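Here are some notes on the model, written for someone new to reading structures. Please keep the structure open while going through them.

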Amino acid sequence: MKTIDVRGLFCPEPVFRTKIEIERLSMGDLLKIISDDPESEEDISRWVSRNGHELVSVNKIERDLEFIIKKAK
């Protein structure tokens with residue numbers, strides 16, 4: 001599983017970084033994103049569903065959000 005840390009970055013940068021990394025993966029691969037931008041929960045979740053990928057999980061760990069996305073196509 002590939003992990004990217006976008007803590008310290010704010011909208012729209014976490015979504016841009018997610019898009020770049022997901023394009024580098026093969027179908028079925030997992031991407032973990034760690035963010036501390038509270039807006040990223042809605043932004044990344046919306047981007048994932050709009051682009052047909054699967055949001056496997058979203059966990060809040062203290063001030064951080066941890067997303068697991070499965071590349072669908």
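1. Basis. This is a predicted model, in which local features need pLDDT of at least 70 and side-chain atom pairs count only at pLDDT 80 or more, while totals for chains, interfaces and linings use all residues. Residues are numbered from 1 along each chain as its sequence is written, and side-chain values use heavy atoms, with hydrogens and water left out.

2. The helix pair. Helix H1 covers residues 13-24 and helix H2 covers residues 40-50; their axes come within 10 Å and cross at roughly 35°. Axes here are lines fitted to C-alpha atoms, for helices over the stretch in contact, and angles run from 0 to 180 degrees between N-to-C directions. Helices (H or I, at least four residues) and strands (E, at least two) are DSSP runs, numbered from the N terminus. The crossing of H1 and H2 is right-handed, that is, the near helix is turned clockwise from the far one by less than a right angle.

3. Who makes the contact. H1 contributes Pro14, Val15, Thr18, Lys19 and Ile22, and H2 contributes Ser40, Asp43, Ile44 and Trp47; contact means heavy atoms within 4.5 Å. By class, five of these residues are nonpolar, two are polar and two are charged. The classes are nonpolar (Ala, Val, Leu, Ile, Met, Phe, Trp, Tyr, Cys and Pro), charged (Asp, Glu, Lys and Arg) and polar (the others, Gly among them).

4. Two residues of that contact. Val15 of H1 is buried at 16% relative accessibility, where buried means under 20% relative accessible area, exposed over 50% and partly exposed in between (1.4 Å probe, protein chains only). Beyond its neighbours within four places in sequence, Val15 touches Asp43, Ile44 and Trp47. Ser40, in helix H2, is buried with a relative accessible area of 1%.

5. The core. The largest nonpolar core has 13 residues, and Ile22, Leu31, Ile33, Ile44 and Ile69 have the most contacts inside it. Such a core is a set of buried Ala, Val, Leu, Ile, Met, Phe, Trp, Tyr and Cys residues joined through side-chain atoms within 4.5 Å. H1, strand E2 (30-35), H2 and strand E4 (64-70) each give two or more residues to this core. In soluble globular proteins, nonpolar side chains tend to be buried together.

6. His53. Is this residue buried or exposed? At 13% relative accessibility, His53 counts as buried, and its place is in the loop between H2 and strand E3 (54-61). A polar atom of its side chain lies 3.0 Å from the backbone nitrogen of Ala72. Leaving aside neighbours within four places in sequence, the contacts of His53 include Ile22, Trp47 and Ile69.

7. Backbone points to check. Most residues other than glycine have a negative phi, and most peptide bonds are trans. Cys11 and Pro12 are joined by a cis peptide bond with omega of about 10°; Pro12 sits in the loop between strand E1 (2-5) and H1. Glu62, which is not a glycine, has a positive phi of about 55°. Glu62 is in the loop between E3 and E4 and is exposed, with a relative accessible area of 80%.

Technical notes:
A polar contact is a pair of N or O atoms within 3.5 Å; within protein, one must be able to donate a hydrogen and the other to accept it, and residues adjacent in sequence count only if both atoms are side-chain atoms.
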